[in-house]
Amino acid sequence: MKQLFSILCFLSILCFQLDAQTTDPKDTEVWEPEPRVVATDTSIPSDAIILFDGTNLEAWESANANKGGAKWTIKEDAMFVAPGTGDIKTKQTFGDIQLHIEFRTPKRVESEGQGRGNSGVFLQERYEVQVLDSYQNRTYSNGQAGSIYKQYLPLVNAARGPGEWQTYDIIFTAPRFNKDGIKIASGYLTVIHNGVLIQNHVEIQGTTEYIGMPKNNAHGKASIKLQDHGNLVSYRNIWVREL
Ligand code: MG
């Protein structure tokens with residue numbers, strides 16, 4: 001007991017001394033490295049990679065390896081899903097990113113549930129942030145707009161109506177795998193929908209499957225993929241920052 005008491009006394013004196021040493025505010029200042037400058041005088045940060053500016057699909061290709069270039073159509077600064085031509089993906093591959101993307105579901109409402117304005121933004125071709133017309137259109141909660149498909153429902157429904165432009169700002173941390181192909185760190189997603197936080201650093205369980213459980217096969221950097229679900233969803237102003 002006496003020994004314990006002396007150890008505690010010793011530790012408290014040590015702590016006091018350590019604390020006493022930090023009287024100079026400079027001791028806790030960090031000067032290096034200095035964060036690099038990113039200009040924000042336009043709506044796109046100066047270090048962003050522009051994936052679509054309304055003019056062409058040069059940054060994109062068919063997600064089907066044998067199909068070549070992206071077959072989606074461009075009209076009035078937007079790219080439209082060309083139903084039946086398949087998903088498209090970026091030629092460039094990415095790890096951790098901040099992604100800005102604007103989307104619009106068709107003004108003319110022809111269906112309901114999962115058939116209304118369905119598309120999707122897939123991080124690393126595997127992890128889907130659902131795109132759907134979720135304005136007065138009930139479906140399963142973990143499949144509505146802004147869900148991490150079949151894994152996380154959005155915190156709230158911030159969807160705008162059919163035919164209105166909407167934004168997703170997505171922060172993605174990629175999962176990590178060791179050399180044996182075992183996942184050693186989960187991926188994470190944060191999503192802001194039309195300025196509203198709807199996914200707050202959620203832990204990705206694995207691939208976002210339509211049927212069955214998530215899978216966790218090892219992979220490295222991969223593309224951003226946009227889904228052709230047969231609906232005339234359009235996208236514009238897509239840029240990404242590598243983190
Ligand atoms: Mg989808």
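This is a predicted model: local features need pLDDT of at least 70, side-chain atom pairs count only at pLDDT 80 or more; totals for chains, interfaces and linings use all residues.
Q: Why is Thr 139 called buried?
A: Thr 139 has a relative accessible area of 12%, and buried means under 20%, with exposed over 50% and partly exposed in between (1.4 Å probe, protein chains only), so Thr 139 is buried.

Q: What makes the pair Thr 139 and Gln 114 a polar contact?
A: The side chains of Thr 139 and Gln 114 are joined at 3.0 Å, and a polar contact is a pair of N or O atoms within 3.5 Å, of which, within protein, one must be able to donate a hydrogen and the other to accept it, while residues adjacent in sequence count only if both atoms are side-chain atoms.

Q: Why does Asp 96 count as buried?
A: The relative accessibility of Asp 96 is 19%, and therefore Asp 96 falls in the buried class. Asp 96 is placed in the loop between strand 5 (88-90) and strand 6 (97-104), and a polar atom of its side chain lies 2.8 Å from the backbone nitrogen of Ala 174. Not counting residues up to four places away in sequence, Asp 96 touches Ala 174 as well as Phe 172, Thr 173, Arg 176, Arg 241, Glu 242 and Leu 243.

Q: Which atoms are the protein donors of the magnesium ion, and what makes them donors?
A: The donors are Asn 118 (OD1), Ser 119 (O), Glu 128 (OE), Gln 130 (OE1) and Gln 227 (OE1), at 2.2 to 2.4 Å from the magnesium ion. Donors are N, O and S atoms within 2.8 Å of the metal (3.2 Å for Na, K and Ca), so these atoms qualify, although the site may look incomplete because water is not among the atoms. Along the sequence the donor residues follow the spacing N-S-x8-E-x1-Q-x96-Q. Glu 128 in strand 8 (residues 127-131) and Gln 227 in the loop between strand 14 (225-226) and strand 15 (234-242) link distant parts of the chain, 99 residues apart, and both Glu 128 and Gln 227 are buried.

Q: Why is Gln 124 classed as buried, and why is Glu 125 classed as partly exposed?
A: Gln 124 has a relative accessible area of 3% and is therefore buried, whereas Glu 125, at 27%, is partly exposed. Gln 124 is found in the loop between strand 7 (119-123) and strand 8, and Glu 125 lies in the loop between strand 7 and strand 8 as well. Although Gln 124 is not a glycine, its phi is positive at about 50 degrees, and Glu 125, again not a glycine, has a positive phi of about 65 degrees.

Q: Why does Glu 110 count as exposed?
A: Glu 110 reaches 64% relative accessibility and so counts as exposed. Glu 110 is found in the loop between strand 6 and strand 7, and its side chain is joined to that of Arg 108 by a polar contact of 3.0 Å.

Q: How many residues line the largest pocket, and which lie nearest its centre?
A: The lining has 14 residues, with Pro 106, Arg 108, Glu 110, Asn 231 and Leu 232 nearest the centre, and the pocket volume is about 240 Å³. On a 1 Å grid over the protein atoms alone, a pocket is an open set of points where a 1.4 Å probe fits, with protein on both sides within 12 Å along at least five of seven lines, and lining residues have an atom within 4 Å of a point; the volume is the space filled by probe spheres set on the points, which are joined across faces, edges and corners.

Q: Why is Asn 216 called partly exposed?
A: At 30% relative accessibility, Asn 216 is counted as partly exposed because its value falls in the range in between. Asn 216 is found in the loop between strand 13 (196-203) and strand 14, its side chain has a polar contact of 2.9 Å with that of Lys 183, and its side chain also reaches the backbone oxygen of Gln 205 at 3.0 Å.

Definitions and conventions: Residues are numbered from 1 along each chain as its sequence is written. Side-chain values use heavy atoms; hydrogens and water are left out. Helices (H or I, at least four residues) and strands (E, at least two) are DSSP runs, numbered from the N terminus. Contact means heavy atoms within 4.5 Å.
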